[in-house]
Structure formats: C-alpha cells, structure tokens
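User: Got a minute to go through the strands and helices of this one with me?

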Amino acid sequence: MLTHLKRGSAQRRERAVTMSALPTYPVSVKGVLRAPTGEVVLLLNEREEWGLPGGRIELGESSTECLAREIAEELDLRAEVGAPVDTYLFEVVPGKHVFIATYACALVGAFAPRVSHEHKRLGLFAPDALPDNLPAGYRASIAAVLKALA
C-alpha cells in the first residue's frame, strides 16, 4: 500500500509539472455596443485594425466589471454588460495570442462618446457595412449579437 501511495504522489507531481508547462494567455474582455442609431461602435487601434471596446481584467474585478470600466475609460460612456457572446484565442501579432471573451452591451444614458488616448478614433458602422480591417472574431461576435436581437 505504501508503494501505491508513493507512486500516486509521483503521478500528482508529474501532472502538476505538466499543467504548469501549458501555455497561458492574457485575457481581454470586449463588448458589442451599438449607438442609438443602430450602428456598431468600433475603435481603431495602433495596428490600424478596428476592434470592439474593452480591455484586460484588473485584479479583483469580474469580467463584466472590467468591460463596464473599459467602456467608460475608452469612450466616456456608460454601458450595461449583458450575456457572454463567445470566447476564442486571437493572434494579435504573429506568435502573440490573447484569449478574448465578448459580451453583448447596451448603452445607458446619453451617447456622446469621447475617444481616449488608447485609440486613434471612433467608428460607427452599419452592421452590414463593417470595415475590412475588422478581425474575424470580432465580426463573428457582432453577427451573434445581431442574430440574438433579431
């Protein structure tokens, strides 16, 4: 019996070593937000790609708290964060991946966005006229939210 316990301990140690060797990825929480006119709110980043508002979770906050904070910081808007839409691994630049979680969002209050220093500019796009330089994952999240609203 003692041999069995020793072997079990070794297996647990081996499993722990294997699990710690798995790759880890930063997490970014994004929101599909629409203007009162129905257009999708997108932000142009430094890579000249359009993206959804959002960002990284800070210690001690939930994903929904993170997204509400990020929308306030990036756009000076208040939003109610709704249901999760999807999750996926996104290759930001070759060899650098980020785990993306997207949520449906609804505007709370007036729509008078002011873009922060984090982005180049704001874009409002009709759902059927999204820009070409919008990553496929964001495009899929927008489509999923619009389908759920239909």
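Analyst: Here is a short walk through the sheets and the helices on them.

Analyst: This is a predicted model, where local features need pLDDT of at least 70, side-chain atom pairs count only at pLDDT 80 or more, and totals for chains, interfaces and linings use all residues. Residues are numbered from 1 along each chain as its sequence is written, and side-chain values use heavy atoms, with hydrogens and water left out.

User: What is the strand order in the open sheet of 3 strands?

Analyst: The order is 3-2-7, with antiparallel pairing. Strands are DSSP runs of E with at least two residues, helices are runs of H or I with at least four, and both are numbered from the N terminus. Two strands pair if DSSP finds at least two bridges between them.

User: Which strands are at the edges?

Analyst: Strand 3 (50–51) and strand 7 (121–125), each pairing on one side only.

User: How many bridges join strand 2 to strand 7?

Analyst: There are 5, and strand 2 covers residues 40–44. L44 has R121 as its bridge partner in strand 7. On the strand 3 side, 2 antiparallel bridges hold the pairing. There, L43 is partnered with G51.

User: What about the hairpin of strand 2 and strand 3?

Analyst: It has 5 residues between the strands, and E48 takes a positive phi near 65°.

User: Is strand 2 mostly covered or open?

Analyst: Mostly covered: 5 of its 5 residues are buried. Buried means under 20% relative accessible area, exposed over 50%, and partly exposed in between, with a 1.4 Å probe and protein chains only.

User: Which way do its side chains go?

Analyst: V40, L42 and L44 point one way from strand 2, while V41 and L43 point the other way. In a regular strand, side chains alternate between the two faces of the sheet.

User: Switching topic. What is the order in the sheet of 4 strands?

Analyst: That open sheet runs 4-1-6-5, and its pairing is mixed. Strand 4 (54–56) and strand 5 (78–93) are its edges.

User: Which way do strand 1 and strand 6 pair?

Analyst: Parallel, over 6 bridges, between residues 27–32 and residues 96–108. V29 has A101 as its bridge partner in strand 6.

User: Where does helix 3 pack?

Analyst: Helix 3 (residues 136–149) packs on the sheet, touching strand 1, strand 5 and strand 6. Contact means heavy atoms within 4.5 Å. Its direction makes about 150° with that of strand 5. Axes are lines fitted to C-alpha atoms, for helices over the stretch in contact, and angles run from 0 to 180 degrees between N-to-C directions.

User: And helix 2?

Analyst: Helix 2 (residues 63–75) lies across strand 1, strand 4, strand 5 and strand 6, at about 120° to strand 4.
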